[in-house]
Amino acid sequence: MIRAVQIGAAATAAIVITSAALSQSPLGLSDQREPNHEADPNRGRFITIGGMFAEQRIGCVQCHGVDGAGNSSGAFPRLTDQAGWYLYKSLRDYASGLRPSYIMAPIARTLTPQQMEDVAAYYASIKDAPYPAEPRADVQVRQIGGAIAAIGMPSQGVPACDGCHGPNGVGQAPIYPYLGGQFAPYLQHQLMLWKQGRRDGDPMNIMELIAKAMTEEQIRAVSLYYASVRPKDVIPQDARYAPGGGRSPAVQPTHSPGQNPTDVGAVQRPEPGRGSVVVPGTEPAGPPAPTMEPPLGLPRRPLPPNSLPPYLSPPVDERPRGTTTTTGAPTRSQP
Amino acid sequence: MAVRMKPVDVALVGGGLTAAILGKELAEAGQTVVALERGGMRQTVPDFQSPTMHDELKYDIRHAYAQDVSVQTITFRNFVGQQALPMRQLGSFLPGEGVGGGATHWNGQTWRFQPEWFVLKSWVEQRYGRGFLDEDVTIQDWGITYEELEPYYTFFEKVMGISGAPGNIKGQIQVGGNPFEGPRSEPYPNPPMKQSHSGFLFGQAAAQLGYRPFPVPSANVTRHYTNPFGAEIKPCMYCGFCDPFGCEHFAKASPQVCILPFAMANKNFEMRTHSYVLRVEWDRQAKVATGVTYVDAQGQEVFQPASMVVLCAFAHHNPILMLQSRIGQPYDPATRTGTVGRNYTYQTMTGAEVFYDGEKRINPFMAAGALGTAIDDFNNGSFDHSGLGFIGGGYIAAYQTTGRPIYHHPVPEGTPRWGLGWKQAVRRHYNSTVGLGFHGSSSPHPNNYLGVDPTYTDAFGQPLGMLTYDFPYNDRLMARYVTEKMAGIAQAMGGKQMSVGWLDDHYSIVPYQTTHNTGGAIMGTDPKTSVVNRYLQSWDLHNLWVMGSSVFPQNAGYNPTDTVGALAYWAADAMIKQYLKNPGPLVQP
């Protein structure tokens, strides 16, 4: 009994003193990595649908879809087939605050590193989500975007995107995410966050420097370009790729699962269904908290005091801003 | 009859690093400058763009950015008396071709020489006595000291945005840097690279043995950097495609990124590509160079008159061009007289591999050309040679330069060379092997020299240059001594297996070793034993200058680029401040 109290006190002290609250899982799942653990996509799938016992009230699937197809709101990127390590690092960065999001930050903080790996492994393992339909964009805009992607803009000091993100933006696992087939509003939003100095987590500040050297028009053009290419060969007859994404005019999308039918085209801000995103700890507090990260341009606000569950301390990012990060969150003390 | 061009003030033979440096400085000093480059134009955009840039077969195996040996090559033999044969494929070294030259496809390892290297002969005599070395070790003083060159080192490092940890600032030894380097006036302009896991393992073992590891100074720039001219260099992404590729990220300091844009913007400067220089024309009476003759892209012979000629070609091309132009007295190994072609040196390299057999994850593909951890405890000025019978030394480093699929497949000794056994071994060892390298100095020997081949000619009908080289006894002793130390570190790294490559054979021109060819048109204090004076000005023709590593009297245990760049700025300074005001020999013999 005394022993248990001691352990409990030690655990509380750990929460207070360090920001290693990550080691305390609010979920029923194990909060420690098992020896020789491996990321388990099956476990990850349980978490994405809200936890093994539905204890996690927000499932990833509510916004990103079971297949990780995302949508074109600008807030919910396509996760399917993204490199697992990249997805894991994104969750760490949301948890640590390197990537700003009022939606993802509290969610990521409820996950242990092991659970982050599992979720990342799950979405990385899905291969067959449909692609979004090509955005409606001027051919000239796309050409400009394609030129920026292929050769950059040396006069502005912008290197070619494809140099790291691969030809046609196929991505280079593990650290460079794919861009081809990603939603234009999401890409545009992320570049704008970098341009405004609100996002970090990029190695050596490279993306921040690039985004700051680009005009908003150029950011829009390159985002539309990448949304209109596909990272792999898409066979129009292939049913997996056809819905919503087939390029052949013969294959008209009739149904696009996981997508809002109005998702086609330029920046849109669909109203989220009320209550579709519930941040833990905020339900009783009067009117629902703002549930959408504003897509573009709005000033950064501090997190409302009740947006964090009481068992989590506020995020502390101890690293100096502007340095390279390889792991998003403060390291947890290993057992 | 050759076409005659409009005269210019300065003709630069070559369009690489030293030509870019001189072109920019001389054009800004008001001179009209033409750089004659045998290859084509190369710019970051569009030439180095991915995905085509990451074509290992084209650039590494087929040497797309190196000299075309079907046009011109050299012949090679180990000893005087052997029949020299043409090098029909590139192997041991890769002279660059095209604008930017070798500094386009280099790795970016940017080392200063220790102060002792510049006064090697007097240093050895003073420290170890006159009879310490055999007379066949024809080391010489450079005619310049480290202290004189230091400001030019510093400036060149700023131009290139070199990233590193300083070890000695104005005599104060710095923690984390190379404690054996010469005193530097300022730290590196950029912080060192992030160290790889292989470098960590090496550094750990070396520190346990009492050595002092530090990150290799690198031209793979580590942060967003603006050089003194205003050129923007971007951070390196550790993609592992440095040598022999161009950098698509604007991250590897090269003439195209750091210097050339400012030369090209100057109306006084012209980069004339596809111009293959055949010879320097000179006036036998007045003892001055009058210009250069080259073959242009249409195949016609062109004469470019110039009041000053600077040889900025690759190391062994410069002395060979002088020999073909009949400038100076060719070196004769039989009588050991003459200067042009004398003291050709190279680099003495050995290696070791530590196989962890799956226990470590090295991730060799997360790499950069100058990503490495090194110790300098066995360079020339760092340890006592008493009783060892040799002079020289070098650094030992664990580089993580690439994990490319054709290039990188370390396997232990005894592995089958092909087939299932080999494939299984590659799979097993690819990600858990650390390679160490010893980068040793090269001392001159009377039998190692550059001459003109009596038999073979190039595509223009000129005789080929002839290289006679084998590792001298001094360097073999030196390599054995330091390789033993390297094997000790490899042992301490705690792998499952290790293999050590000893220097136990003649020099071969077939396998790639390094592109650090030096000497042949060496600098010095005496016209009888050197080709150029301390300002890199020819003793014979006062308006002919020689750049590059061909002026090194002997090669140090370091990569030569930093010294090449510093010497180019040193010479440019002398040209602008002294020579142009009063053309004539800057040093009286």
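## Chain A at a glance

Chain A has 11 helices and zero strands, where helices (H or I, at least four residues) and strands (E, at least two) are DSSP runs numbered from the N terminus. Read from the N terminus on, its elements go α-α-α-α-α-α-α-α-α-α-α.

This is a predicted model, in which local features need pLDDT of at least 70 and side-chain atom pairs count only at pLDDT 80 or more, while totals for chains, interfaces and linings use all residues. Residues are numbered from 1 along each chain as its sequence is written, chains are lettered from A and ligands numbered from 1 in the order in which they are written, and side-chain values use heavy atoms, with hydrogens and water left out.

## Packing and surface

Of the 335 residues in chain A, 51% are buried. Here, buried means under 20% relative accessible area, exposed means over 50%, and partly exposed is in between (1.4 Å probe, protein chains only). Among the contacts in chain A with a separation of 6 or more, 72% join residues 24 or more positions apart; a contact means heavy atoms within 4.5 Å.

Chain A exposes about 15700 Å², and 60% of that comes from carbon and sulfur atoms. Accessible areas come from the Shrake-Rupley method with a 1.4 Å probe, and for residues only the protein chains shown count as cover.

## Cysteines without a bridge

If you are looking for disulfides (pairs of cysteine sulfur atoms within 2.5 Å), the count over all chains is zero. For Cys60(A), the closest cysteine sulfur is that of Cys63(A), 8.9 Å away and so too far for a bond. Cys63(A) is likewise in no disulfide, its nearest cysteine sulfur being that of Cys60(A).

Cys60(A) is buried at 18% relative accessibility, and Cys63(A) is buried at 16%.

## Where chain A meets chain B

The contact draws 15 residues from chain A and 16 residues from chain B. About 1500 Å² is buried between chain A and chain B, with carbon and sulfur atoms giving 74% of it; buried area is the accessible area (1.4 Å probe) that two parts lose on being put together, summed over both.

Across this interface there are zero salt bridges, a salt bridge being a side-chain nitrogen of Lys or Arg within 4 Å of a carboxyl oxygen of Asp or Glu. The interface of chain A and chain B does have four residue pairs in polar contact (both at pLDDT 80 or more). A polar contact is a pair of N or O atoms within 3.5 Å; within protein, one must be able to donate a hydrogen and the other to accept it, and residues adjacent in sequence count only if both atoms are side-chain atoms. On the side of chain A that touches chain B, the elements giving two or more residues are helix H7 (139-151), helix H8 (162-165) and helix H10 (206-213). H8(A) gives the most, with three residues.

## Salt bridges in chain B

The whole structure holds 27 salt bridges over all chains. One of them joins the side chains of Glu28(B) and Lys24(B) (2.9 Å, N to O). Both residues lie in helix H1 (residues 17-28) of chain B, four residues apart, about one turn of the helix. Glu28(B) is partly exposed at 47%, whereas Lys24(B) is buried at 5%.

Another salt bridge links Asp573(B) with Lys577(B) (3.0 Å, N to O). Asp573(B) is partly exposed at 22%, and Lys577(B) is exposed at 52%. There is also a network of salt bridges linking Arg112(B), Glu150(B), Glu157(B), Glu181(B) and Arg184(B).
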